[in-house]
Each structure stands twice: as C-alpha cells, then as structure tokens.
Amino acid sequence: MSEPIKIDIWSDIACPWCYIGKRKFEAGSGLFAGAGEGRDVEVEYHSFELSPDTPVDFDGSEIDFLSGHKGIPAAQVEQMLKRVTGIASSVGLEYDYDNLQHTNTVKAHELLHFAKAHGKQLELSERLFRAYFVEGRHVGRTSDLADLAAEIGLDRAEALAALESSQYLADVRADQATAAEYGINGVPFFVIDGKYGVSGAQDAQTFARVLEQVWTERAAVTA
C-alpha cells in the first residue's frame with residue numbers, strides 16, 4: 001500500500017477552471033491524506049490546448065477574445081468572467097481579467113515538459129497559472145517563459161534553448177493524442193489510478209471520495 005495513487009491531469013494554462021480545479025483537487029487530496037497513514041498521491045500534468053489557433057500576441061482583451069471565439073455578446077462574456085472570478089476567489093485565487101494577456105499556450109506546455117524532465121513540473125504549473133491569471137504576465141513568448149522557469153530554479157538558458165528548438169513539442173502532441181484516445185474534449189480532466197475519470201473542477205469532497213474508493217479497492221486486493 002506504499003505506492004502513491006497516480007493522478008494524471010489534462011489541463012491548459014489558459015483555462016480558468018483548470019486553476020480552480022487544481023486548488024479543489026489539492027484540498028481533496030489533503031482531506032484524503034489526512035484520513036490515515038501512507039495515503040500519498042503523485043500528480044503529473046498533461047497538455048491540452050483549448051484554442052490552438054490563438055496568436056502568441058493577441059491584440060485585445062479577454063472579453064474581445066471570448067466574444068469572438070464563442071460568438072456571444074461582450075456583455076454576456078463580462079458576466080461569465082465575473083462569475084468565474086467569484087468562484088476563483090472562493091478558493092483563494094484573485095483573477096485579474098483586466099490585465100490578463102491572452103496568448104497561445106503551446107510553448108507553455110513545452111516548458112511544462114521541460115520542467116517535468118527536471119523534477120519541477122508541479123512548481124512550474126503553479127507558477128504559470130499564477131502568472132497568467134493573477135499577475136498579468138505573458139506566458140506565450142519564449143523569453144517570458146524562460147524568465148518564469150528561472151524563477152522556480154530552472155536554468156534559464158537551458159529552458160530558452162529547449163523552447164526555441166521545440167525540443168518537447170512531440171511530448172505535447174503525445175499528450176494531446178492520448179487525450180483524444182480517452183475521449184477528453186474539455187479540461188480539467190483527472191485520470192485517477194489509470195481507471196477513474198473525473199471531469200471538471202469538482203468539489204474537494206468529490207476528489208477525496210474517489211481517492212478513498214481507490215484506496216479501499218487497493219486494500220481489498222492486497223488483503
């Protein structure tokens with residue numbers, strides 16, 4: 001029973017529900033871990049692009065982008081953003097849509113694979129989400145991404161070289177192909193212990209229950 005429960009998470013840095021879901025999952029896994037000894041989870045992030053055709057430097061606000069992308073009135077988008085900002089606030093995240101810089105996220109996904117190769121994927125995931133939704137940083141340009149990598153202790157020059165050479169692009173595409181095989185068409189999507197799928201930013205208690213179920217099933221097998 002010493003093996004941690006593996007959690008594979010498909011998400012996109014530009015997905016507001018993914019950051020909210022990250023917080024809710026962390027709360028749920030905390031509840032699970034606190035219920036007994038040896039209850040560990042191992043998290044790995046996988047690439048998913050919500051809008052792969054987005055330019056790196058989008059000229060306009062988030063309201064402009066979503067209104068054009070979804071074909072809905074700007075006033076309706078504004079209400080949607082207010083709602084998601086309120087939900088984010090409820091889990092301790094202060095989204096700043098006024099200063100958010102909408103961008104293409106493929107390079108951010110490449111950098112997440114670079115960070116995984118250096119044992120810092122979880123730290124980078126948090127750093128990218130915060131940079132994008134809270135701090136108004138640009139997460140689409142290679143130089144800005146290399147700066148963020150350096151902020152969590154990765155080698156800036158090495159990160160920049162990996163991004164400029166597209167060293168990890170094949171890994172991004174492999175994640176996307178696996179998502180297609182699983183039938184994942186929206187994120188966040190959590191695959192727990194390779195057999196249970198949880199879609200969306202569910203409540204912490206939901207995640208805790210699924211983890212507890214996996215734990216109980218493992219105990220029954222090894223009893």
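Contact here means heavy atoms within 4.5 Å. The model is predicted: local features need pLDDT of at least 70, side-chain atom pairs count only at pLDDT 80 or more, and totals for chains, interfaces and linings use all residues. Residues are numbered from 1 along each chain as its sequence is written, and side-chain values use heavy atoms, with hydrogens and water left out.

**View 1. Surroundings of Leu111 in the largest nonpolar core.**
Leaving aside neighbours within four places in sequence, Leu111 is in contact with Leu124, Leu145, Ala149, Ala159 and Leu163. A nonpolar core is a set of buried Ala, Val, Leu, Ile, Met, Phe, Trp, Tyr and Cys residues joined through side-chain atoms within 4.5 Å; buried means under 20% relative accessible area, exposed over 50%, and partly exposed in between (1.4 Å probe, protein chains only). The largest core has 46 residues, of which Trp10, Ile13, Tyr95, Leu111, Leu128, Phe133 and Val139 touch the most other members. Elements that each supply at least two residues of this core include H1, helix H4 (106–117), helix H5 (121–133), helix H6 (142–151), helix H7 (156–164) and S3. H5 gives the most, with 6 residues. Another core, of 15 residues, lies apart from it and includes Ile9, Phe207, Val210 and Val214. Helices (H or I, at least four residues) and strands (E, at least two) are DSSP runs, numbered from the N terminus.

**View 2. The open sheet of 4 strands.**
The strand order is S2-S1-S3-S4, with mixed pairing; two strands pair if DSSP finds at least two bridges between them. Strand S2 (41–47) and S4 are the edge strands, each pairing on one side only. From one strand to the next, the twist averages 20°. Axes are lines fitted to C-alpha atoms, for helices over the stretch in contact, and angles run from 0 to 180 degrees between N-to-C directions. Helix H9 (residues 204–222) packs on the sheet and touches S1, S2, S3 and S4, its direction making about 175° with that of S4. Helix H8 (residues 169–182) lies across strand S1 (5–11), S2 and S3, and runs at about 100° to S2.

**View 3. The hairpin of S3 and S4.**
Strand S3 (residues 189–192) pairs with strand S4 (residues 196–199) in the antiparallel sense, over 4 bridges. Phe189 has Ser199 as its bridge partner, and Ile192 has Tyr196. Between the strands are 3 residues; Asp193 in the turn has a positive phi of about 60°.

Rings of Phe, Tyr and Trp (its six-membered ring) pair if their centres lie within 6.5 Å; planes under 30 degrees apart count as stacked, over 60 as edge-to-face and the rest as tilted. The whole structure has 14 aromatic pairs. Phe25 and Phe207 are edge-to-face, at 5.3 Å centre to centre and 85° between the planes. Phe25 and Phe207 are both buried. The ring centres of Phe32 and Trp215 are 5.8 Å apart with the planes at 75°, so this pair is edge-to-face.

**View 4. Arg218 in helix H9.**
Arg218 is buried, with a relative accessible area of 18%. The Arg218 side chain reaches the backbone oxygen of Glu3 at 2.7 Å. A polar contact is a pair of N or O atoms within 3.5 Å; within protein, one must be able to donate a hydrogen and the other to accept it, and residues adjacent in sequence count only if both atoms are side-chain atoms.
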